[in-house]
Amino acid sequence: MLAVYGQHWRINVLTALEYRENFLLWAAFAVVYHGSAIATLWVVLHTFPSMNGWDFRDMAFLYGLWMTAHALHDTLFFGVGNVPEYVRDGEFDRLLIRPLDTLFAVIVIPGQIFPDELILALVYLGITTWYAGVRVDAAFVFCVPFVILGGTLIELAINVIVATIAFWFVRVDALRWIVLQLEQEFTRYPIGIYTRGVRLFLTFVFPFAFMNYFPATYFLHKPESALGLPPAVGLLSPVIGLTFLGVAYAFWRFGLDRYKGVGH
Amino acid sequence: MTIIETVDLKKVFRSVVRRPGLSGAFAALFSREFEEKVAVENVNFSLQEGEIVGYLGPNGAGKSTTIKMLTGILVPTSGVVRVAGIVPSEHRQQNGQNIGVVFGQRSQLYWDLPLRESFELLRAIYDVPRDRFAQNLRHFSDILDLDRFMGTPVRQLSLGERMRGDFAAAMLHDPKIVFLDEPTIGLDVVAKEAIREFIATMNRERGTTVVLTTHDLADVERLTRRIILIDEGTVIYDGLLARLREEYGTHRILVVTLAENYPDVEVEGAQPNGRDGNIVRLRFNRHEVAAETLIRRVLDAYRITDISIEEPDIDSIVRRIYTEGYNALPAALPI
């Protein structure tokens, strides 16, 4: 499996080098995309200097945590989002005859993936950590990678669920965008601004709040935490991510049996 | 040793009834009707290790559905499939190691990169030992002449080159069985011959079992003696190609080039079968009239410059079976 994963990355890099211009354009896209999101935040907080006790510097850090987890997800697991496309054009059949777990086979499909967005995210996270005045001690350095990994797994789990739905309905591109949009909206602001129902949803159903809100609350030593949970729950995000991914994977296996029964 | 076995294989698809037009499509948003379609039924056959079999049938006959069940992509509705001793859909990963698949219409090579990079990735996926990999690659290059384009991005290869690459890709892990779905579709004569040679060599040297679906019966004639014909989901013939030709290829065509422009050409014992200027085609049953007799009759009545006999090609025989049905034809004619 490791050898396959290594080859997958070798090919990704070769492909990125084969299309240098496109690679640079994607890097530019990442700058524009995240730049505009951060600018929006700045405008909003220029009008309202503080949101539930969070100022622009806190929210810039909040965004940095999400951005890094999201960029890591796209770097490692981008192929999962393409499953509906593979199902539609029949390429998925090819994955079913590989001597690999099918989800792993999806993940190692080489493509035009390059960690440009991830590099940008890490730089941005570094800057906002300093800007928001987060105390960088050994505990922080130790915890941050786990928190980001947790966020990545949460996003992966969501995408696995969306991909599985394609086994039933084939075309689910709208659903993919809805979920991505929800994720972006609900990770941008501290969830304390939402009603209790939304907060419960973001904590227990689609646990986006564990991608950045809870960990940021902990790192920034915010006094309040939504739903009255202690801020330290933020450190549970890898556990939440693994659990959620486990659920998503079980659903995937269920959908796969159904696909094999029906075909498209 | 039996390597592939199917018993009463059946596959039923359930699909939404699509009503015509925009209004029909809107109505389907709110209420859906389902219909069941039997794609394949009563498919029974077995293959011995090292055999090559041609699996033939018109479009929509159930060829792909059968192949998908044999490769483990689909689970049969009922019946049993066993490939190399295992049930493919239940042990997909193990089955994946046993089989190689070439879809003529769909490449497994990486579009943007040189051929050799795709092979490297497949080496890792199938966990082929390095020395075995190098040995296979050298051998395949000799037969398929891969060296010329090993470093060219796949998107720049001609269809023939790409198909050669796909064949090598499917064989790199020494599969016991290969499934070839329309492997020569769209290829020129040279590429077709290279591919056929490759299949024959793999079968001879390594004892690879081959299941071949194709519309090009020349593939079948070149590679195999046994064919399975499928139509409307069931097997209508399983046996030797030669026997089929013997039983159904009873007609020959006598092609005569006339020296003068005769208005009507009629010869006892033959039916006119088209005319193009001075070239006249006469169809006859070789069990009813000997070619020699017929030629003599032609020479007695007309002045000609050339004469030849066309053998029935397997294509026309198979087409006849599809349209008339196998049993509707006289089974064994006196020979």
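Contact here means heavy atoms within 4.5 Å. By that criterion, A:Met59, A:Leu62, A:Tyr63, A:Trp66 and A:His70 in helix α3(A) meet A:Leu180, A:Glu183, A:Gln184, A:Thr187 and A:Arg188 in helix α9(A). The structure is a predicted model.

**Helix packing in chain A**

- Helix α3(A) spans residues 56–77 and helix α9(A) spans residues 173–188.
- The two helices pack at an angle of about 150°, and their axes lie 9 Å apart.
- Angles over 145 degrees count as roughly antiparallel, and α3(A) and α9(A) are therefore roughly antiparallel to each other.
- The residues in the contact of α3(A) with α9(A) comprise five nonpolar, three polar and two charged.

**Helix packing in chain B**

- Helix α5(B), residues 130–144, packs against helix α7(B), residues 189–206, at an angle of about 135° with the axes 10 Å apart.
- The helices α5(B) and α7(B) are therefore oblique to each other.
- The crossing in which α5(B) passes α7(B) is right-handed.
- From α5(B), the residues in contact are B:Arg132, B:Asn136, B:His139, B:Phe140, B:Ile143 and B:Leu144.
- Their counterparts in α7(B) are B:Ala194, B:Glu197, B:Phe198, B:Thr201, B:Met202, B:Glu205 and B:Arg206.
- Sorted by class, the contact of α5(B) with α7(B) has six nonpolar, three polar and four charged residues.

**The six-stranded sheet of chain B**

- Six strands of chain B form an open sheet with mixed pairing, in the order β5-β6-β7-β3-β8-β9.
- Strands β5 (99–103) and β9 (234–240) of chain B stand at the edges with a single partner strand each, so one side of each has no neighbour in the sheet.
- On average, neighbouring strands of this sheet are turned by 15° against each other, direction ignored.
- Strand β5(B) runs parallel to β6(B), residues 177–181, and five bridges join the two.
- B:Phe103 has B:Asp181 in β6(B) as its bridge partner.
- Helix α9(B), residues 241–248, lies across β8 (226–231) and β9 of chain B, and runs at about 100° to β9(B).

**The three-stranded sheet of chain B**

- A further open sheet, of three strands, has the order β2-β1-β4 in chain B and antiparallel pairing.
- Its edges are formed by β2 (34–48) and β4 (78–83) of chain B, each with a single partner strand, so one side of each is left without a neighbour in the sheet.
- B:Thr6 stands opposite B:Val81 in β4(B).
- Helix α2(B), residues 63–70, lies across β1, β2 and β4 of chain B at about 120° to β1(B).

**Domains of chain B**

- The domain assignment divides chain B into domain 1 (2–9 + 40–244) and domain 2 (250–324).
- The centres of domain 1 and domain 2 of chain B, taken over C-alpha atoms, are separated by 40 Å.
- Domain 1 of chain B contributes 11 residues to the contact, and domain 2 of chain B contributes six residues.

Terms used: Residues numbered from 1 in each chain as written. Chains lettered and ligands numbered in written order. Predicted model: local features only at pLDDT ≥ 70, side-chain atom pairs only at ≥ 80, totals over all residues. Heavy atoms only, no water. Pairing = 2+ DSSP bridges. Helix = DSSP H or I, 4+ residues; strand = E, 2+ residues; numbered from the N terminus. Axes fitted to C-alpha atoms, helices over the stretch in contact; angles between N-to-C directions. Parallel < 35°, antiparallel > 145°, perpendicular 65-115°, else oblique. Left-handed = near helix turned anticlockwise from the far one by under 90°. Nonpolar A, V, L, I, M, F, W, Y, C, P; charged D, E, K, R; others polar. Domains from an automatic or database assignment.
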